[in-house]
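Subject: Structure handover

Hello,

Here is the structure that I am passing on to you. Please keep it open while you read the notes below it.

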Amino acid sequence: MIINTDEIKNIYVTKQFCDMRKQIDGLALIVISQFNMNVLDHSLFIFTNASRNRIKMLYYEANGFWLFTRRLENGKFKFKRQSGVLMITPQQPNWLIEGCDDNEKG
């Protein structure tokens with residue numbers, strides 16, 4: 001990643017699916033209004049679409065936002081349809097991006 005991962009306070013995965021047309025402001029609004037969290041606290045927020053073939057990651061650093069997007073040409077990300085947000089470990093985003101289920105890793 002381009003951002004300094006040592007500065008990331010927490011990593012959250014939103015468990016509900018998101019409209020991938022949303023950009024920084026729309027995703028920040030979800031974090032603030034639906035999850036009652038501070039989008040500016042140096043946490044990384046990960047969103048996926050209903051087809052589970054795209055993710056977006058939102059991160060605030062210094063005086064601006066990073067928005068990362070990944071689209072799979074084949075396969076799906078291992079998200080389960082639920083509501084709320086889940087805090088994950090620093091290793092789990094890599095597993096998620098690689099398409100692995102966290103149960104597959106020891």
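The notes below go from the whole chain to single residues.

This is a predicted model, in which local features need pLDDT of at least 70 and side-chain atom pairs count only at pLDDT 80 or more, while totals for chains, interfaces and linings use all residues. Residues are numbered from 1 along each chain as its sequence is written, and side-chain values use heavy atoms, with hydrogens and water left out.

Overall make-up

The protein chain has two helices and five strands; helices (H or I, at least four residues) and strands (E, at least two) are DSSP runs, numbered from the N terminus. Along the sequence, the pattern reads β-α-β-β-β-β-α. Of the 106 residues, 41% count as buried, where buried means under 20% relative accessible area, exposed over 50%, and partly exposed in between (1.4 Å probe, protein chains only). The accessible surface of the protein chain is about 6,500 Å², and carbon and sulfur atoms hold 46% of that surface; the areas come from the Shrake-Rupley method with a 1.4 Å probe, and for residues only the protein chains shown count as cover. Among contacts with a separation of 6 or more, 59% are between residues 24 or more positions apart, a contact being heavy atoms within 4.5 Å.

The sheet

The five strands form an open sheet in the order S4-S3-S2-S1-S5, with mixed pairing; two strands pair if DSSP finds at least two bridges between them. Strands S4 (64-71) and S5 (85-88) are at the edges and have a single partner strand each, so one side of each has no neighbour in the sheet. On average, neighbouring strands are turned by 20 degrees against each other, direction ignored. Strand S1 (residues 11-14) runs antiparallel to S5 and is joined to it by four bridges. Tyrosine 12 stands opposite methionine 87 in S5.

Helix H1

Which residues of helix H1 (residues 24-34) are buried? They are Leu27, Ala28, Ile30 and Val31. Seen down the axis of H1, these buried residues fall within an arc of 150 degrees, so they line one face of the helix; the arc is that of the directions from the helix axis to the C-beta atoms. Their cover includes strand S2 (44-48), strand S3 (54-61) and S4. Asp25 and Leu29, on the other side of H1, are exposed.

Positive phi values

Most residues other than glycine have a negative phi. Asparagine 36, which follows H1, has a positive phi near 50 degrees. Histidine 42 has a positive phi near 65 degrees; histidine 42 lies in the loop between H1 and S2 and is partly exposed, at 28% relative accessible area. In the loop between S3 and S4 is alanine 62, with a positive phi near 55 degrees. Alanine 62 is exposed, at 60% relative accessibility.

Aromatic pairs

There are three aromatic pairs. Rings of Phe, Tyr and Trp (its six-membered ring) pair if their centres lie within 6.5 Å; planes under 30 degrees apart count as stacked, over 60 as edge-to-face and the rest as tilted. One of the pairs is tyrosine 60 with phenylalanine 65, edge-to-face at 5.1 Å centre to centre and 70 degrees between the planes. Tyrosine 60 is buried at 16% relative accessible area, whereas phenylalanine 65 is partly exposed at 29%. Tryptophan 66 and phenylalanine 68 form a stacked pair, 5.6 Å centre to centre with 10 degrees between the planes. Tryptophan 66 is partly exposed at 28% relative accessibility, and phenylalanine 68 is buried at 15%.

Regards

Conventions:
Axes are lines fitted to C-alpha atoms, for helices over the stretch in contact, and angles run from 0 to 180 degrees between N-to-C directions.
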